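Welcome! Here is a short tour of how the chains of this structure touch one another. Take a look at the picture first, and then read on.

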Amino acid sequence: MRRQIPLVITFIVGSVLIISVFIPHKPFGRLGENFSVYFDIIAVFAFILGGGNLLRVHGNRIYRKHKDWPYSMVTVAGFLVMMIAGLFKIGGSPGITGDLTEPGSMFEELYMYVFTPLMATMFALLAFFVASASYRAFRAKNREATILLLAAFVILLGRTPFGVKLTSWLPGSLSFLEIPNLATWIMSVPNMAGQRAILIGIALGVIAMALRVILGVERTYLGADSD
Amino acid sequence: MSFFETIANIDRRVIFLFIGFAVIIPVLLSFSCTEEASPIVQAIFDKIESLPEGSKVLMSFDYGPSTVPEIQPMIDALLRHCCEKNLRIYMMALWGTGHNLISESMVDIIEHEFPHKVYGVDYVNLGYKAGNQGLINVILTDMKKMYTTDAVGTEIDAVPMMVDIRNLKSFDVILSLGGGFPGVKEWVLFGGDPGNVPVAGGATAVSAPLLYPYYPRQLLGLLGGIKGAAEYESALIKGYPKFKTHSHPGIDMMGPQTVAHIVIVIFIVIGNITFFVARRKEGDERGERGILK
Amino acid sequence: MKAFSHSLISCCLLGSILLATTDSIAQVECSDSVPSPLLPPSEVIAEDHPGDAGGAIIVRWKLSPDEAKRITGYEILRSTSPTGEFSSVGFAATGANRYVDANTEDSLTYYYKVVAVDVNKNASESELSPPARSSAQWFNFHLLNLLIIGGLICGAVIYFIAHAKKGKKLFLRRIAGLEAVDEAIGRATEMGRPILFIPGILDMDDVQTIAGITILGRVAKTIAQYETKLNVPTSRSIVMSTAMETVKEAYISAGRADAYSDDFVHYVTDEQFGYVAAVDGIMVRERPATCFYIGAFFAESLIMAETGNSIGAIQIAGTAMPAQLPFFVAACDYTLIGEELFAASAYLSGEPKQLGSLKGQDVGKIIAMSAIVIGAALETIFAISGSSLFGSLAELMHKLFSIVAG
C-alpha cells in the first residue's frame with residue numbers, strides 16, 4: 001500500500017498533465033501552472049528538512065569532535081548568522097516584514113561583501129580549470145582528436161580581437177577563412193548540428209523515462225525495486 | 001627526467017599561475033581591445049532600436065553574484081539602451097540572488113544616469129519569485145496571479161505601468177540574462193514559444209553554446225559571455241556616441257580574456273609537442289626492442 | 001525534427017530578407033517627393049484567438065499602401081461599443097499585419113480599429129472591425145501534429161514495454177560507463193575509500209535528477225553488498241529526502257539494513273557555487289576513490305570533475321546538459337552522453353520491461369531521421385529545380401514539424 005499510493009498519484013497526475021497540454025479549456029488549461037505552484041509550496045516546506053539536516057549532520061560532527069569538525073563549525077556559524085541577520089533585519093527596518101535588502105542592513109552587507117565575492121571567486125576558478133583540462137585533453141592522439149584540437153584553436157582565437165588581426169590580411173575572396181568567420185561557422189554549423197542531434201536523443205530519452213515513471217515500470221526513485 | 005617529461009607532467013598549479021598572470025597583468029596595464037557586433041548580438045540591438053517609445057520590455061535577472069562579472073556588463077548596456085529609447089522596463093528575477101542585483105542596477109544605471117526616469121512609470125522592480133519555469137508557466141496567462149505587489153510592497157494595480165499588463169503576451173520583448181537554470185532556455189520554452197513573444201538572451205560563455213540551437217527562430221539574439229557584452233557595448237557606442245564616456249566593462253575585460261586565451265593556446269601547443277616527442281621516443285624504444293628480438 | 005525545422009526556417013528567413021530588401025530598394029527608387037495624405041490599413045478583421053483558454057483576440061489587417069515609405073507602426077484601438085470611445089491597447093511594428101490582444105474578457109464584445117502612424121506622427125485610422133468575442137476551446141488544434149507524433153512515439157514505447165513482458169530478448173549496445181560501475185565500486189572497496197555520488201544540482205521536478213536518483217538506487221545496492229562508505233551531498237531538500245529513502249531501500253533490499261546510516265545523504269546548500277565549494281572540500285579531505293556525477297549540471301561540472309581528477313578518483317559522469325558534456329569528457333573516465341543517462345537505469349536493471357522502453361525510443365529516432373532526410377531532400381530539390389510541387393511538399397513537411405504559437 002505504501003508503494004501503491006505514490007504510483008497511483010504519479011500515474012494520475014502524469015496522465016492529466018499530458019492531456020492538459022492539448023486542452024486549453026477549464027479545468028485542464030491551468031493545471032500545469034497550478035501543479036508548478038504546488039511543487040513550489042512543497043519545496044519551501046522541504047527547505048526546513050534541508051536546514052534541519054544540515055544542522056543535525058554538522059552539529060553531530062562538532063559534538064563528536066569529528067576529524068574535520070572546525071569546517072562544520074564554520075558551516076553552522078555561517079548558516080545561523082545569515083539566517084538571524086535576514087530574519088530579524090539586523091541594522092535595517094525592524095520587524096519580520098521589513099525590507100531584507102535595505103542598504104546598510106547586516107544581511108545586505110554580508111551579501112554584498114562576503115557572499116558576492118566568494119561566489120565570484122568560485123566561478124572564476126573555472127578559468128583555471130579550463131586551462132588545465134585543455135592542456136591535458138587537447139592532444140592530437142588520433143584523427144578525431146586532431147580535428148577537435150584544431151576546432152578548439154579556431155574558437156579560442158576567434159573569440160578574441162587577436163584572432164581578427166591574425167587573418168585580417170586575407171583578400172576579400174578568402175574572407176571565409178578568417179579566424180572569426182571560421183569560429184562562427186564551427187559554432188553555427190557543426191556545433192549546432194551536434195547539439196541538435198544530442199537534444200533530439202535527449203528528448204526521446206526523456207519521453208521514455210517519463211513513460212516508465214508514469215506507468216510505474218521505473219520505481220527506484222520511490223525507494224522501491226521495479227517488479 | 002628529461003625536459004619534455006618534466007613539461008608533460010607539469011603541475012597544474014604552474015598552469016594556474018600563468019593564467020593568473022595572464023589576467024592580472026592586462027588588468028593592471030588597462031589593456032583593452034575594440035569589438036565589432038556580430039549578427040547574433042546586432043539582432044538584439046536592432047530589435048531594441050526598432051521598438052517605439054513606451055514599448056514594454058521584460059528584463060529577467062536570472063543570475064547570481066558568481067556570474068556578475070560576465071552578465072552585469074550586458075545588463076548595464078541593455079538598461080542604458082532601453083532608457084535612451086524611452087522604453088518601459090519591467091525587472092524581475094527567477095533567481096533569489098537576482099533580487100539584490102536588480103536593486104543595484106536600478107541605482108547604478110537608471111537612477112544615476114537617467115535621473116528623470118520615474119519609478120512605476122518608466123521602470124518597475126517586480127523582485128524575485130520562486131517557481132523557476134513554473135513561474136513562467138503561470139505568468140504566461142496571468143501576471144498578477146504571481147505579482148500582487150512590486151518588490152517594495154506597492155499594490156500592483158497602484159503601479160501605473162502595470163495597469164495594462166495582463167500576462168507575458170503584453171510585453172514586446174523578453175530579455176533573460178543568465179544562462180543557468182532557470183534562464184534563457186526556460187524563457188524560450190515556457191514563455192517565448194507558447195506566448196509568441198520575442199525572447200533575447202545573455203548567458204555566460206560556458207553556457208552560451210547550449211543556446212545556439214534556438215537562434216534565430218526561437219531566440220532573436222544572444223549575448224555570449226564577456227565578448228557578447230563587449231560587442232553590445234560597441235554597438236551602443238556606435239549608435240549613441242555619448243555612451244563612450246560611460247563605463248564599458250565588457251570592452252575593458254576583452255583584453256585580459258584575449259591574453260588568457262593566447263596563454264591557453266600556447267599551453268595546448270606545448271602539450272602537443274611533448275606528446276609527439278614522447279610518442280616518437282616510445283616508437284624508437286619499441287623499434288630497438290624489435291631489433292634485439 | 002527540430003534541426004530540420006530550424007534549417008527550413010533559416011532558408012525561409014533568408015529568402016524573405018532577400019525579397020524584402022529587393023522590394024524596399026525598388027520602392028525607394030520610385031518614391032515621390034510630393035507629400036500625400038497617409039493611407040490607412042484596410043480589411044481589419046478581429047476574431048477569437050484559437051486554441052487558448054480564452055482572454056485573447058487576434059486582430060489582422062491589410063498593410064497600408066504607404067507601408068514601405070513612411071509608416072513607423074500601427075496602433076491598435078479597442079472599444080466595447082462601435083460608437084463608444086476607443087482606447088489604445090498596443091502597438092505593432094512596421095510590417096506587422098496582426099496583433100494579439102491578450103487582455104480581453106470572454107463575456108464582452110469588442111470592436112477594433114488599426115491606426116497607421118508615420119515618421120511625422122501623422123495618423124490614419126482604418127474602418128471598424130466586425131465584432132469579436134474571446135472564448136476558451138476544448139482542443140488546441142495548433143498542437144495536432146504534436147499529438148500525432150508524440151502519440152506515435154509514446155505508443156511505440158508502450159508497445160515495446162508490453163512486448164518485452166513476453167520475454168523476447170532485446171539487443172542493447174554496450175555502454176562503457178555503465179559496465180565500469182562495478183569495477184569503480186570494487187576499486188573503492190579495495191582502497192578502503194568512500195564513494196561520492198552527486199545527483200546534479202536541480203530539484204526533483206527535473207527528469208535528469210530522477211534519472212540520477214534511479215541510478216543511485218542501483219549503485220547503492222551494489223555498494224551495500226561491498227560494504228563501502230557512500231557520501232551523497234545534495235543541493236536540494238526534496239532531492240535529499242528522496243535520495244535518503246532510495247539509499248535506505250537499496251540497503252534493505254541488499255540485506256544490509258544494519259550498514260545504512262542517515263549520514264550517507266545530507267543537504268548542503270541550494271546555492272550553486274556554495275555547493276561546489278562544499279563538494280570540492282569533501283573530495284580533498286576524504287579523497288573518495290570513485291566519484292559519480294549523474295544528473296543536471298551547469299558551470300560547476302568542470303570544477304568538480306577537475307578536483308576529482310586531481311585526487312586520482314575514477315570518475316563516471318552522466319548528464320543531458322549538452323554544454324557540460326565536453327567538460328565531463330575531458331576530465332572524467334567515462335561519460336554517459338544525453339540519452340544514455342536516461343537509458344542507464346533500464347540498462348543497469350536488466351529488466352525486459354525497462355529495456356523495452358529503450359526499443360520504443362528507436363522508433364522516435366527513425367521518425368526524426370526520416371523527417372530530416374526527406375525534408376532536406378525536398379528543400380534541396382526545390383532549391384535546384386524550383387518545382388512548385390517540391391516547394392509545396394517541403395512546406396507541408398515544415399508545417400508538420402513546426403509548433404505554431406497562436
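## A term to start with

A polar contact is a pair of N or O atoms within 3.5 Å; within protein, one of the two must be able to donate a hydrogen and the other to accept it. Please keep in mind that this is a predicted model.

## Where chain C meets chain B

With that term in hand, we can look at chains C and B: six residue pairs are in polar contact between them, both residues of a pair being at pLDDT 80 or more. On chain C, the elements giving two or more residues to the side that touches chain B are α1 (2-30), α8 (272-286) and α9 (300-310). The largest share, five residues, comes from α1(C). Sorted by class, this side of chain C has 13 nonpolar, 11 polar and six charged residues.

In total, 30 residues from chain C and 27 residues from chain B take part in the contact. Together the two chains bury about 2,300 Å², and carbon and sulfur atoms give 55% of that area. There is one salt bridge between chain C and chain B. Its partners are C:Glu306 and B:Arg12, whose side chains meet at 2.9 Å, N to O.

## Where chain A meets chain C

Now let us turn to chain A. Its contact with chain C takes 62 residues from chain A and 80 residues from chain C. The area buried here is about 6,000 Å², with 69% given by carbon and sulfur atoms. Which three residues supply more than any other three of the area that chain A buries against chain C? They are A:Phe22, A:Pro24 and A:Leu204, which supply 11% of it.

Four salt bridges are found across the interface of chain A and chain C, and 13 residue pairs, both at pLDDT 80 or more, are in polar contact. On chain A, α1 (4-22), α2 (31-63), α4 (106-137) and α7 (179-214) each supply at least two residues of the side that touches chain C. The element that gives the most is α7(A), with 16 residues. By class, this side of chain A divides into 39 nonpolar, 11 polar and 12 charged residues.

## A residue to look for

Notes. Residues are numbered from 1 along each chain as its sequence is written. Chains are lettered from A and ligands numbered from 1 in the order in which they are written. This is a predicted model: local features need pLDDT of at least 70, side-chain atom pairs count only at pLDDT 80 or more; totals for chains, interfaces and linings use all residues. Side-chain values use heavy atoms; hydrogens and water are left out. Contact means heavy atoms within 4.5 Å. Buried area is the accessible area (1.4 Å probe) that two parts lose on being put together, summed over both. A polar contact is a pair of N or O atoms within 3.5 Å; within protein, one must be able to donate a hydrogen and the other to accept it, and residues adjacent in sequence count only if both atoms are side-chain atoms. Helices (H or I, at least four residues) and strands (E, at least two) are DSSP runs, numbered from the N terminus. Ala, Val, Leu, Ile, Met, Phe, Trp, Tyr, Cys and Pro count as nonpolar, Asp, Glu, Lys and Arg as charged, and the others, Gly among them, as polar.
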